[in-house]
Amino acid sequence: YLLFHHCDVLSLLPCAGERLKGDEGREGEAEAFKEQGNAYYAKKDYNEAFNYYTKAIDTCPNNASYYGNRAATLMMLGRFREALEDAQQSVRLDDSFVRGHLREGKCHLSLGNAMAASRCFQRVLELDHKNTQAQQELKNATTVLEYEKIAEVDFEKRDFRKVVFCMDRALEFAPACHRFKILKAECLALLGRYPEAQSVASDILRMDSTNADALYVRGLCLYYEDCIEKAVQFFVQALRMAPDHEKACLACRNAKALKAKKEDGNKAFKKGNYKLAYELYTEALGIDPNNIKTNAKLYCNRGTVNSKLRKLEEAIDDCTNAVKLDDTYVKAYLRRAQCYMDTEQYEDAVRDYEKVYQTEKTKEHKQLLKNAQVELKKSKRKDYYKILGVNKNASEDEIKKAYRKRALMHHPDRHSGASAEVQKEEEKKFKEVGEAFTILSDPKKKARYDSGQDLEEDGLNMGEFDPNNIFKAFFSGPGGFSFEASGPGNFFFQFG
C-alpha cells in the first residue's frame, strides 16, 4: 500500500521537462505582453502601455526590463514616485541594467533629490563611461544642487526675487519637486504676488491634500491679504498635519495676536477712547513688519486717531506710512488729504485728491478735488481776512471796526517821520487794508472772493485802486480828524 501510494504521488508530479516547458510558456506570454506594451508606448498611449507592462510583470515578476519599461511609462505619465519604485526594483534585480539606473536617476532628479540622482548617474558611468546621457544628466543634477545652495543663502538675505529665479531654473530639471514649488510659492507670497503663490500651493494640494507646507503657504497668502480669520484656519490645518511646523506655528500666533489687537483698537476708537486706541494700534504694528496690507490699515487707523487728537502732522506721517506700504489704499490718501486741508497744505491736498479721483472717479471724489483746488487758488491770493485781522465769519460791524483800527495804524501821515523804508512798508499795508475793506464790505465781492473766483476777471483791478478815497469816505463826516505830532514819531488823533 505504501509503495503504491508513493508511486501514485510521484506520478502526479510534473517531470523536469514539463516544468521547463511551463516556465518557457510564462516567459513567452510575458514577452508578448511586453511587446504589446511597447507598441502602445510607441503610439504614446501610455495608459495602455502601463496596463500591458503590468501584465508582463504579473506573469514574470523577476524580469528587470519589464520594471524598467513600466518606469519609463510612469515617467511619461508624470507619476515619478511610482516610476522611481519600478526603476529601483529593476536595478535590484539586475545591478548592471544601465537604463534602470538612468531612469532611477531621472526620477530622483525630477523629484528634486539631486544628490541621489548624481549617485545613479555615476553608477551608469561606472558601467559605461562613454554614456553621454548620464554625463549630461550628471551636469543637470550638479546645476540643481548649485541653485539650491544659492536659494538657501538668498532666502536668509530675504532676496525673495532671486530665490524665485533659482527655483524656476531648478524646476526646469525637477518639474515634480514639491519642495522647490513650495519654496517658490512662499517667496511669491512674501513678494506680495499672492495669486501666483496661491496657484502653486493649490496645484500641490490637488495632488496631496495633506501637504502641510502647501497649507501653510495658502494661509500665508490669506494672512498677507488681511483675511486673517481664514488664514488661521489654514495654519491650524497645517499644524494638524505637521504639529512641529515652525513657520505655521509662528504665523498662526502672529495672526491671532494681530486680529485681537486690531479689534481691541477698533473697539476703543468707537468708544471715543482715542489714547487707548492709539496705544493698541501701535502695539499691533509691532507684531509682524512683514504683513504689509494689515499694517497699512493699522497706520491709517492710527492716523485717524491722531487726527481726532488734533495731532495733524503725526496723522499725516501715519497716512504716509500707510500709502508707502500700499500705494492703492484710497482711504489713507483721503485721510491724509483732509489733514493737509486742515493744515492749509493745499498743494499736497490737491495731489492726494487727484490720485484718489484717478483711482475712483466718483462724484464725491470729484467734489473733494474741486474744493481743494479752490482752496489752493485762494491760498495764493492775498488773505483779506488776515490783513484786517478778522475771521472768515466776521460780521459787517466787525469788518468796519477792523478797518478803522488798521487804516489808522498804517496811514502814511502817521509815519511821516519814519525812514523811507518804513514809510514804503506802511504805505503798502495801508493800501492792502483798503483793498481788504473794499472786497469784504461788499456782499457780492465778498461772496466771489470766498468762492475763490478771480476778482480781477470780475473787473476789479486793484492796481488802479486808491486807498485814500476809501479812507476819506470812511472817516468823512462832521468834524473830520487830523494827525498831529506830539514829538518825534509819536502821534495822536484829534477828532472835531
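Which residues does Tyr-216 touch, not counting residues up to four places away in sequence? Tyr-216 touches Glu-186, Phe-235, Ala-238, His-245, Lys-247, Ala-248 and Ala-251. The model shown is a predicted one. The protein has 496 residues, of which 42% count as buried, and contains 25 helices and two strands.

**Overall features**

- The accessible surface of the protein is about 28100 Å², and carbon and sulfur atoms account for 50% of this surface.
- Among contacts between residues at least 6 apart in sequence, 50% join residues that are at least 24 apart.

**Nonpolar cores**

- In soluble globular proteins, nonpolar side chains tend to be buried together.
- The largest nonpolar core in this model has 64 residues. The members that touch the most other members are Leu-109, Met-167, Phe-180, Tyr-216, Val-217, Tyr-223 and Phe-235.
- Helix α12, which covers residues 212–224, gives the most to this core, with nine residues.

**Helix α16**

- Helix α16 covers residues 292–308. Its 17 residues should span 24 Å at 1.5 Å a residue, and its end C-alpha atoms are 24 Å apart, so the two values agree.
- This helix is mostly covered, since twelve of its 17 residues are buried. Among them are Thr-294, Leu-298, Cys-300, Arg-302, Val-305 and Ser-307.
- The buried residues of α16 pack against α12, α13 (228–241), α14 (246–270), α15 (274–285), α17 and α18 (330–342).
- Just after α16, Arg-310 takes a positive phi of about 65°.

**Ile-316 and its surroundings**

- Ile-316 lies in helix α17, which covers residues 312–325. Its relative accessibility is 4%, and therefore Ile-316 counts as buried.
- Apart from neighbours within four places in sequence, Ile-316 is in contact with Arg-336, Cys-339, Tyr-340, Thr-343 and Gln-345.
- Ile-316 and Cys-339 are 23 residues apart along the chain, and their C-alpha atoms are separated by 6.4 Å.

**Cysteines**

- A disulfide is a covalent bond between the sulfur atoms of two cysteines. A search of the whole structure finds zero disulfides.
- Is Cys-339 buried or exposed? Cys-339 counts as buried because its relative accessibility is 2%.
- Cys-227 has a relative accessibility of 34%, so this residue counts as partly exposed.

- Over residues 30–63, the chain is 79% helix and 0% strand, and the end C-alpha atoms are 9 Å apart.
- Over residues 258–291, the chain is 74% helix and 0% strand, and the end C-alpha atoms are 10 Å apart.

Technical notes: Residues are numbered from 1 along each chain as its sequence is written. This is a predicted model: local features need pLDDT of at least 70, side-chain atom pairs count only at pLDDT 80 or more; totals for chains, interfaces and linings use all residues. Side-chain values use heavy atoms; hydrogens and water are left out. A nonpolar core is a set of buried Ala, Val, Leu, Ile, Met, Phe, Trp, Tyr and Cys residues joined through side-chain atoms within 4.5 Å. Buried means under 20% relative accessible area, exposed over 50%, partly exposed in between (1.4 Å probe, protein chains only). Helices (H or I, at least four residues) and strands (E, at least two) are DSSP runs, numbered from the N terminus. Contact means heavy atoms within 4.5 Å. Accessible areas come from the Shrake-Rupley method with a 1.4 Å probe; for residues, only the protein chains shown count as cover. A disulfide is a pair of cysteine sulfur atoms within 2.5 Å. The expected span of a helix is 1.5 Å times one less than its number of residues.
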